[in-house]
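Take a moment with the sequence and the 3D structure below. Then follow the chain with the text, one part at a time.

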Amino acid sequence: MDYPLAITISVGCCSVVYVLIRYYSSKRAKLIEVSETWWTPGTENSVSNDIRPYEIVFSEELVKDLKHRLKHTRSLTPPLKDVAWNYGTNTDALRKLLDYWADDYNFQERQKFINQYPHFKTNIQGLDIHFIRAKPNNAGEKRVLPLLILHGWPGSIMEFYKIIPLLTTPRPEHDFVFEVVTPSLPGFGFSDAAMIPGLSYIQMSVVLKNLMLRLGYDKFYIQGGDWGATIISAMSTLFPQHVMGMHSNMCSIMRNKALMKQALYEYLSSFLPWAKKTRQTDHQRRAFSHKSILLETGYFHIQATKPDTVGVGLNDSPAGLAAYLIEKFSTGTNYSYKSREDGGFLEKYTYDELIDNLMIYWASNSITTAMRIYAEMFTKENFLLGKLINSDVVKVPSACSQFPNEIMEQSPSLLRTRFVNLLRVTKMPRGGHFAAFEEPELLANDIWASIDEMEVWNKNHNKNL
Ligand SMILES: *[C@@H]1O[C@H](CO)[C@@H](O)[C@H](O)[C@H]1NC(C)=O
């Protein structure tokens with residue numbers, strides 16, 4: 001080959017590669033923009049941007065109807081002998097909770113309890129979003145940092161009632177204190193649901209970012225577990241200019257390669273002595289075994305495909321709703337509670353607390369629209385968008401608390417491939433999936449310590465000025 005021809009070919013090839021790279025990276029950058037959809041078409045010009053105080057009301061009518069339904073629940077099918085919760089919610093345990101709900105749950109008192117923090121609503125992208133805004137007590141000279149905290153399914157704002165005062169009360173060792181904003185996710189509780197398809201965790205991150213902007217916060221910290229964790233990861237990826245840092249109690253990286261690597265490690269470590277070093281706890285190996293995936297994720301498949309079908313029964317029957325949700329508060333808190341007749345949940349929660357959470361779904365008639373969050377993740381557009389977001393890196397300072405009974409756990413080195421500025425990973429001595437609800441002190445302490453580190457990081461990286 002003569003010299004000029006070689007040069008021509010080389011330059012040609014380089015140009016083609018360069019153009020291709022530019023094309024794909026511009027395509028990627030364009031794709032990862034999420035549009036600011038208006039979720040209630042037709043109301044674009046008729047909503048105000050006001051922030052209105054809101055009160056949760058258990059009306060006499062609602063309570064009367066609910067008690068009637070609870071008293072007229074058809075006879076519950078008795079559980080098989082000695083199966084505890086292995087066939088799903090144990091109806092002997094459920095019976096006790098339903099009786100408590102009908103006879104002992106003090107609706108007026110609980111309504112007052114639920115309204116102890118200031119609630120508001122404001123319209124974002126066509127949706128009235130309900131949220132608690134808890135300002136700090138006696139902030140004094142301390143800097144007030146806005147902190148958005150997000151729940152998941154089947155939780156609600158009720159998960160945060162114990163942790164809110166732990167975050168809004170100043171601590172002598174820190175020169176800042178939190179103002180906590182905790183919304184009902186769109187479609188959950190007293191936040192409106194979309195009228196058109198497509199509102200997944202990704203678009204929720206847009207809505208909730210806009211909520212913080214509406215409240216006057218251009219920069220803020222974010223925290224979450226379950227769907228809340230998924231939403232804050234998306235928000236950190238999409239809006240690093242607004243997010244000062246994220247703290248998650250369910251850090252995860254959902255890339256095929258990472259998951260395969262983890263599965264391979266776990267498989268090898270089960271029989272190769274040299275791989276023992278990578279061996280994780282029994283719990284985590286169990287969480288990833290085929291058997292437990294099949295046993296524990298049936299709900300996911302239903303909700304990701306036919307949420308409206310199962311929703312009819314759950315919206316109509318408080319017994320059905322309780323059975324469906326309470327099971328998650330048993331196994332999600334400690335997997336071994338499955339083999340306890342009573343489901344173990346009274347170890348960690350009271351009937352009142354669990355029923356408060358049920359009341360959020362019941363009073364707002366929102367279980368169907370809440371379950372749609374699963375289905376929306378799998379629309380063609382959102383599935384592709386999710387892939388892009390998950391394969392991008394999170395550059396904002398991040399921290400994870402890992403509770404031993406969480407449904408899954410990944411190593412810090414794996415997490416760092418997505419959360420490139422992961423400042424802290426805290427292994428917790430106890431607790432499970434509903435960390436704020438179950439172990440508010442442990443979680444709050446870790447949030448304080450993590451955000452302290454993030455403040456320093458931001459200062460050093462000029463982000464906080
Ligand atoms: C889960 O519950 C069992 C008893 O049922 C207990 O032995 C175990 O320590 C608990 N796990 C955690 C991490 O709390």
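**A walk through the sheet and its links**

This is a predicted model. Begin with the sheet. It is open and holds 9 strands, in the order β1-β2-β3-β5-β4-β6-β7-β8-β9. The pairing is mixed. In general, strands of a sheet pair through backbone hydrogen bonds, either parallel or antiparallel. Find the two edges next. They are β1 (51-54) and β9 (422-427), and each of these pairs on one side only. On average, neighbouring strands are turned by 25° against each other, with direction ignored.

Now zoom in on one pair of strands. Strand β4 covers residues 143-150, and strand β5 covers residues 176-183. The two run parallel, joined by 6 bridges. Within this pair, Pro-146 stands opposite Glu-179 in β5.

Next come the helices. Helix α6 (residues 201-214) lies across β1, β2, β3, β4, β5 and β6. It runs at about 115° to β2. Helix α19 (residues 440-460) also packs on the sheet. This helix touches β4, β5, β6, β7, β8 and β9. The direction of α19 makes about 150° with that of β7.

Which cysteines form a disulfide? Look for Cys-251 and Cys-400, whose sulfur atoms are 2.0 Å apart. A disulfide needs the two sulfur atoms to lie within 2.5 Å, so this pair qualifies. The count for the model is 1 disulfide. Cys-251 sits in the loop between β7 (243-248) and α8 (256-269). Cys-400 sits in strand β8 (residues 398-402). The pair links distant parts of the chain, 149 residues apart. The angle about the S-S bond is -90°, and the link of Cys-251 and Cys-400 is left-handed.

Are these two cysteines buried or exposed? Buried means under 20% relative accessible area. Cys-251 has 6% relative accessibility, so it counts as buried. Cys-400 has 0%, so it is buried too.

Turn to charged side chains. Side chains of opposite charge can pair when their charged atoms come close. The model has 24 salt bridges.

Start with Lys-209 and Glu-36. Their closest N and O atoms are 3.2 Å apart. Lys-209 lies in helix α6, while Glu-36 lies in the loop between α1 (3-31) and β1. The pair therefore ties together parts that are 173 residues apart in sequence. Lys-209 counts as buried, because its relative accessibility is 6%. Glu-36 counts as partly exposed, at 45%.

Go on to Lys-338 and Glu-296. This salt bridge has its closest N and O atoms 2.6 Å apart. Where do the partners lie? Lys-338 is in the loop between α13 (318-331) and α14 (351-364), and Glu-296 is in helix α10 (residues 290-296). So the pair ties together parts that are 42 residues apart in sequence. Lys-338 is buried, at 10% relative accessibility. Glu-296 is buried as well, with a relative accessible area of 17%.

Arg-424 pairs with Asp-446, and the closest N and O atoms are 2.7 Å apart. Asp-446 is buried, at 3% relative accessibility.

Some salt bridges share partners. Such bridges join Lys-348, Arg-430, Glu-438 and Glu-439 into one network.

Finish with the backbone. The peptide bond from Trp-153 to Pro-154 is cis, with omega near 0°. Pro-154 lies in the loop between β4 and α5 (164-168).

Which residues have a positive phi without being glycine? Asn-138 is one of them, with a phi of about 50°. Asn-138 is found in the loop between β3 and β4. It counts as exposed, because its relative accessibility is 73%. Asn-365 is another, with phi near 55°. Its place is in the loop between α14 and α15 (367-376).

How values were computed. Residues are numbered from 1 along each chain as its sequence is written. This is a predicted model: local features need pLDDT of at least 70, side-chain atom pairs count only at pLDDT 80 or more; totals for chains, interfaces and linings use all residues. Side-chain values use heavy atoms; hydrogens and water are left out. Helices (H or I, at least four residues) and strands (E, at least two) are DSSP runs, numbered from the N terminus. Buried means under 20% relative accessible area, exposed over 50%, partly exposed in between (1.4 Å probe, protein chains only). Two strands pair if DSSP finds at least two bridges between them. Axes are lines fitted to C-alpha atoms, for helices over the stretch in contact, and angles run from 0 to 180 degrees between N-to-C directions. Contact means heavy atoms within 4.5 Å. A salt bridge is a side-chain nitrogen of Lys or Arg within 4 Å of a carboxyl oxygen of Asp or Glu.
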